[in-house]
Amino acid sequence: MQAVNTYLRGGVALQDFEFLSPKTIEEAVSIKAAAGNKARALAGGTDVLVQLKVGRFDIDQLIDMKNIPELNELSFSESDGLTIGAAVPCYKIYEDPTVRSSYPCIVDSSELIGSIQIQGRASLGGNVVNSSPSGDSLPSLIALNGSAVIQGTSGTRSVPLEEFFTGPGRNVMTEDELLVSLNFPAPSKNSGAAFLRFIPRNEMDIAVANVASSVTLTADGKNFESARISIGAVGPTPYFAKDAGDLLAGQEVNDENIAKAAEAAKKYASPITDMRGTIEQRIHLVGVLTKRTLDIAIQRARG
Amino acid sequence: MTSTSNPKSKYNVVGTSPIRHDVLGRVTGKAKYGVDLRLTGMLFGKTLRSPHAHARIRKIDTSKAEAHPGVRAVVTTSDMPIVNDEVADFGETMANYRLLAELCLANGKVLYKGHAVAAVAADDIHIAEEALDLIEVEYEVLPPVLTVQQAMAEGAPLLHEVMTTRDVAARFTRGTDTGVASNIASRIVFQGGDPEAAFKNSDVVVEREFNTKMVHQGYIEPHNETAFWAPDGHLTIWTSTQGAFGVRTQISKTLGLPEAHVKVIPMEVGGGFGGKIRSYMGPTAALLSKKTGRPVKIVMNRKEVFESSGPTSGSNMRAKIGANKDGKITAAEVYLAYEAGAYPGSPVAAGASTCLSPYNLENFFVEGLDVVVNKPQVSAYRAPGSPGAALAVETVIDEVAEKLGIDPIDFRLKNATKEGDRQVSGVVFPRIGCVEVEEAIKNSDHYNTPLEGKNRGRGTAMGWWFNGGNASTAMVTVNSDGTVGLVTGSVDLAGTRTAISMQVAEVLGITPDEIYPSVGDTDSIGWTGPSGGSRTTFSTGIAAIQATNLVLDEMKKRAALLWETQPDDVTFENNSFISNKNSEDTISFKDLAGKLMGTGGPVSASSTSNPTQVGSAFGGHICDVEVDTDTGKVTVLRYTALQDVGQAAHQSYCESQVQGGAVQGIGWALNEEYYYTDDGTMANSTFLDYRMPTTLDLPMIDTILVEVPNPGHPFGIRGVGEVPIVPPLAAVANAIADAIGVRLTELPMNPGSILAALKDKK
Amino acid sequence: MADKIHVKTNINGNDIDFLCEPRQSLLEVLRDNLDMTGTKEGCGDGNCGACTVFLDGRIVDSCLVLAVEVDGKSVSTIEGVADVDKLHPVQEAFLEHAALQCGICTPGFIMASKALLEREPDADEGRIRLWLAGNLCRCTGYDKIIRAVQSAGETMQGN
């Protein structure tokens with residue numbers, strides 16, 4: 001039933017839907033293709049179920065993705081990098097020794113999403129599909145040059161995450177497509193990355209702004225070889241602040257250059273004023289967080 | 001049950017920390033809160049609420065909802081009897097029954113977004129929610145007024161066309177009608193001396209304007225009410241309420257039933273803080289039950305709790321304080337305009353009465369306005385009205401002290417109010433502990449430990465609250481094995497069963513675990529005011545002591561019978577009855593309890609207290625903060641809350657009350673607010689965006705209990721629950737000012753506003 | 001309405017099956033279908049932790065788990081924490097340290113604290129505050145809760 005008085009909902013009840021639990025990705029795709037927007041994928045449910053409760057969308061079917069093997073994969077190799085199945089919950093990610101040692105920026109993000117309880121369910125895949133501008137993993141995934149592996153009726157494709165998001169709650173996936181996994185290249189030598197978000201409390205909050213920075217330094221640690229900076233909660237989608245990272249390439253690691261990158265990152269921000277923050281505050285925070293994440297990323301790159 | 005002895009206490013039981021009688025159920029999930037109730041044949045109710053902040057209801061069509069499978073009944077205001085204008089005292093707030101009926105089901109107009117319009121009862125909650133979508137309501141949308149400034153502006157839309165401003169002389173009085181139609185429901189003024197002349201002759205005068213937002217009590221258990229209207233016309237209500245008798249009166253008045261036909265059974269309450277005194281869904285659940293012949297349970301969801309229960313007022317305030325170089329305050333002027341929400345009844349009179357209480361003043365002018373706006377009607381919230389006004393006064397006091405170059409506590413001590421001084425309302429203070437609390441601050445480890453580091457600051461502030469008296473009934477029963485039953489009408493919000501039992505135990509010379517305390521329903525115990533106003537341990541304690549003494553009087557008669565002497569010749573001490581005539585004639589309480597049947601039958605006694613000598617109380621807080629000047633974020637580094645508790649009843653829970661109140665105040669100061677969009681929508685009605693403090697946002701909260709015994713209680717007990725929320729807003733603001741050199745005058749002092757203030761400073 | 005689904009699960013060590021609608025949360029089924037009301041609902045959207053339960057050994061907010069999702073899994077609730085005649089050290093510590101007032105948040109806090117201390121009985125104040133940040137308490141100001149959890153940790157370490 002269409003929720004006419006959506007204002008009234010929230011908290012207790014969910015709309016009526018059919019619950020499907022496919023065992024293969026092909027089966028899931030065929031369900032999704034048949035139902036289109038009337039079906040949603042369910043992984044941890046920490047976004048989808050809340051949105052259903054408040055009547056954000058109207059569905060007939062909920063497709064539980066957690067019984068599909070590919071969506072539970074968590075693997076790493078030097079050649080293929082890191083693969084995180086779309087339904088792998090946060091705690092499995094941040095407790096994984098390889099992720100902890102090689103992708104601390106992903107740990108930063110996945111340890112910040114919701115509470116310990118939420119991290120027992122929520123997946124980075126869900127964070128990506130939900131495509132909220134403030135999603136706490138999205139800048140990290142972009143800064144780490146991650147890509148989304150998507151499967152639909154016409155097959156599988158891989159989309160760089162910096163091109164994935166198209167608007168609040170919107171992305172490049174078509175109605176028949178489902179997210180299978182996230183993929184990240186193996187970290188290069190002398191590289192490091194970090195994520196920070198700013199919230200008024202110290203937990204359980206939506207970012208006023210968030211930033212991830214990833215850097216690769218020269219072997220002596222004195223110069224930037226390259227850098228990728230991504231910012232969130234300051235526009236309709238998270239942004240890849242390409243210029244901000246590019247201007248560091250080949251430059252010396254010093255406060256002045258970091259400040260320049262922070263200024264460049266701020267130029268990408270196009271926030272709104274709402275209950276979580278003002279335009280001015282958010283742009284300012286992008287600068288502060290860019291500096292701070294670069295500092296941590298540099299420390300990590302230097303080991 | 002273990003009893004931790006307190007070497008400081010001069011009593012055997014009072015002042016110790018026994019384990020609560022009721023706590024086992026609460027740590028095992030067995031305690032039954034209102035939300036946990038499930039009755040045979042029970043239906044689930046849900047309320048349709050207005051999507052507009054201000055609108056006329058043109059038409060309500062419930063036919064589609066009624067036809068929906070699984071829906072058993074729908075009610076609207078047309079099912080409500082006509083309710084007359086009659087004003088009642090709810091303990092901490094006043095209310096008019098006609099308006100309370102409209103609050104439960106809107107009549108003709110909706111006055112805030114979330115106002116109840118209709119309700120359904122269905123086989124399950126999902127069906128009930130679906131049915132709400134099928135109720136068609138036609139609204140004529142009207143422009144809303146959302147702040148006191150908007151509401152008082154020339155030509156502002158009137159919420160209540162028939163409402164006129166009343167001049168009020170004291171708290172909880174109706175006042176005289178000025179005949180002026182306005183959104184200002186009432187105006188209260190206190191004045192003394194000649195403030196204008198005194199300001200002219202002052203060495204320093206500071207005046208500031210303040211704005212605060214509506215905030216919510218934030219109890220974790222949502223409002224819930226379950227009703228069963230029996231075929232014989234008797235109505236039973238089960239609910240998580242702070243006061244069963246108030247709910248009974250409200251429901252009997254709104255439904256036109258004799259009070260004897262309404263029984264309210266208070267369930268365990270998952271937090272109230274003043275917000276669970278009024279009934280929001282009781283009349284509706286009752287009408288649905290009447291229509292269906294089945295019990296109907298209605299539970300709010302969190303969004304409804306925020307948007308449709310009773311938060312406390314946002315405000316616009318000004319405070320002006322003058323002083324001389326010698327540190328004496330010359331005059332004070334305070335203006336308070338409080339949002340009442342959709343119906344009159346903001347706690348502005350309490351704010352006006354309390355805010356200057358820490359100071360003995362000759363010249364003052366205090367004005368308070370109760371202003372209706374298109375937001376939910378405010379309810380009581382812990383020392384209602386006092387924290388906001390204290391923010392205004394205590395930050396200006398701090399600034400005056402700063403300008404004079406005097407330590408803020410020395411400045412306060414120089415002007416401190418004492419026994420015999422008059423409050424601005426004219427009431428004379430009995431024995432109070434203002435000076436003792438201020439001296440305890442000066443002597444505290446916290447105040448004497450220097451605070452070092454960049455962007456760090458320390459703030460202090462005082463607060464005062466009347467504390468409530470009000471009537472309570474208690475019944476004490478002696479069992480044949482010497483154990484004791486205790487029934488009171490006081491709902492137990494936080495351990496009062498035990499705190500009251502401890503007073504009985506003290507009198508009887510037994511241990512608290514030899515007493516089993518329970519909370520009665522409205523049919524089984526005499527009238528008792530709500531558990532609010534910091535009155536329960538104090539006033540119900542007195543009732544229980546009185547009942548215990550009646551029991552002892554009767555038992556003295558029995559002992560006299562055994563010893564063939566007169567009752568007057570029997571004394572009770574150290575848990576034994578002793579004959580004054582023959583020192584060999586002694587019998588323990590327990591042994592005599594075993595002989596009651598043979599000496600005239602069982603013994604029990606009931607007593608009602610209505611204390612007049614209520615022990616009001618002062619609190620003083622010290623707060624250290626660090627401000628991240630890049631982000632505007634405030635970290636509370638250290639916090640100490642001091643309070644005159646008279647005599648701690650239960651030491652641990654006394655501390656816990658002080659800690660809990662302080663933390664609610666810290667949340668109010670830093671992050672909590674009702675964030676409204678221009679159309680009157682509360683944009684942050686979730687626990688995600690209404691930012692109450694989490695474990696990670698706080699340090700440990702140190703407490704120092706100052707004990708200046710209350711002469712109005714046999715053991716010197718004062719109420720403790722409300723005072724601790726009064727000082728924090730100002731203590732935090734003063735600490736921030738000390739850290740960054742900017743005085744913030746708007747709440748919340750969140751990172752955005754601090755960043756903006758820092759930018760303005762540059 | 002979607003057909004009801006037969007769910008076979010294990011709750012507090014007991015094999016239990018129930019019929020539920022797909023749209024029913026685990027919390028709703030625990031409370032309304034199975035009469036296990038110890039798990040509380042404070043917000044319904046994962047922001048207060050009052051409905052914390054263990055699902056296959058991890059704590060989750062049961063308001064954000066569909067009841068159909070627990071098919072074949074194991075659930076532990078507050079009702080299963082104490083032995084018949086013996087409280088769990090966390091419950092004992094909450095009693096002794098006065099770590100609650102109204103108690104509505106207490107089942108959630110006990111579940112979350114138990115989960116922490118089973119993994120890290122030596123958790124310090126900072127770690128406890130981080131772990132419990134998803135559980136709101138409005139009565140106590142958390143001070144006595146943190147102390148109770150520290151004390152329970154000491155008991156569980158055998159100190």
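**Sheets, domains and interfaces of chains A, B and C**

In chain A, three strands make up an open sheet in the order 1-3-2, with parallel pairing. Strand 1 and strand 2 (39–42) of chain A stand at the edges with a single partner strand each, so one side of each is left without a neighbour in the sheet. From one strand to the next, the twist averages 25°. The model described here is predicted.

Four bridges connect strand 2 of chain A with strand 3 of chain A in the parallel sense. Within this pairing, Arg40(A) has Leu62(A) in strand 3 of chain A as its bridge partner. Helix 1 of chain A lies across strand 1, strand 2 and strand 3 of chain A, and runs at about 160° to strand 3 of chain A.

The domain assignment divides chain A into domain 1 (15–63), domain 2 (70–184) and domain 3 (191–301). Between the C-alpha centres of domain 1 of chain A and domain 2 of chain A the distance is 18 Å. Their contact takes 13 residues from domain 1 of chain A and 20 residues from domain 2 of chain A. On the side of domain 1 of chain A that touches domain 2 of chain A, helix 1 (residues 25–35) of chain A gives the most, with five residues. That side of domain 1 of chain A consists of six nonpolar, five polar and two charged residues.

Chain C contains five helices and five strands. Along the sequence these elements follow the pattern β-β-α-β-β-β-α-α-α-α. The radius of gyration of chain C is 16 Å, close to the 15 Å that the globule rule gives for 159 residues, so chain C is as compact as a globular protein of that length. The C-alpha trace of chain C spans about 50 × 30 × 25 Å along its principal axes. Of its 159 residues, 65% count as buried. Among contacts in chain C with a separation of 6 or more, 59% are between residues 24 or more positions apart.

The five strands of chain C form an open sheet in the order 2-1-5-3-4, and the pairing is mixed. The edges are taken by strand 2 (14–20) and strand 4 (58–61) of chain C, each with a single partner strand, so one side of each is left without a neighbour in the sheet. The twist from one strand to the next averages 40° in this sheet. Strand 3 (residues 52–55) and strand 5 (residues 74–76) of chain C run antiparallel and are joined by two bridges. Here Leu55(C) has Val75(C) in strand 5 of chain C as its bridge partner. Helix 3 (residues 106–119) of chain C lies across strand 3 and strand 4 of chain C, at about 40° to strand 3 of chain C.

Chain C is in contact with both other chains described here. The contact between chain A and chain C takes 25 residues from chain A and 25 residues from chain C. On the side of chain A that touches chain C, the elements giving two or more residues are strand 1 (18–20), helix 2 (48–53), strand 3 (61–64) and helix 6 (116–119) of chain A. By class, this side of chain A has 11 nonpolar, eight polar and six charged residues.

Between chain B and chain C, 42 residues of chain B are in contact with 42 residues of chain C. Helix 1 (23–28) and helix 18 (651–670) of chain B are the elements that give two or more residues to the side of chain B that touches chain C. Helix 18 of chain B gives the most to this side, with seven residues. The residues on this side of chain B divide into 20 nonpolar, 16 polar and six charged.

Elsewhere in chain B, strand 14 (residues 235–239) and strand 15 run parallel and are joined by five bridges. Thr239(B) has Pro266(B) in strand 15 of chain B as its bridge partner. Four of the five residues of strand 15 (residues 262–266) of chain B are buried, so this strand is largely enclosed by the rest of the structure. Helix 8 (residues 282–292) of chain B is mostly covered, with eight of its 11 residues buried. The buried residues are Gly282(B), Pro283(B), Thr284(B), Ala285(B), Ala286(B), Leu287(B), Leu288(B) and Ser289(B). Just after helix 8 of chain B, Gly293(B) has a positive phi of about 70°.

Notes: Residues are numbered from 1 along each chain as its sequence is written. Chains are lettered from A and ligands numbered from 1 in the order in which they are written. This is a predicted model: local features need pLDDT of at least 70, side-chain atom pairs count only at pLDDT 80 or more; totals for chains, interfaces and linings use all residues. A residue is buried if 20 or more other C-beta atoms lie within 10 Å of its own, exposed if 12 or fewer, and partly exposed in between; C-beta atoms are placed from the backbone. The radius of gyration is taken over C-alpha atoms; the globule rule is 2.2 Å times the number of residues to the power 0.38. Two residues are in contact if their C-beta atoms, placed from the backbone, lie within 7 Å. Ala, Val, Leu, Ile, Met, Phe, Trp, Tyr, Cys and Pro count as nonpolar, Asp, Glu, Lys and Arg as charged, and the others, Gly among them, as polar. Domain bounds come from an automatic or database domain assignment. Two strands pair if DSSP finds at least two bridges between them. Axes are lines fitted to C-alpha atoms, for helices over the stretch in contact, and angles run from 0 to 180 degrees between N-to-C directions.
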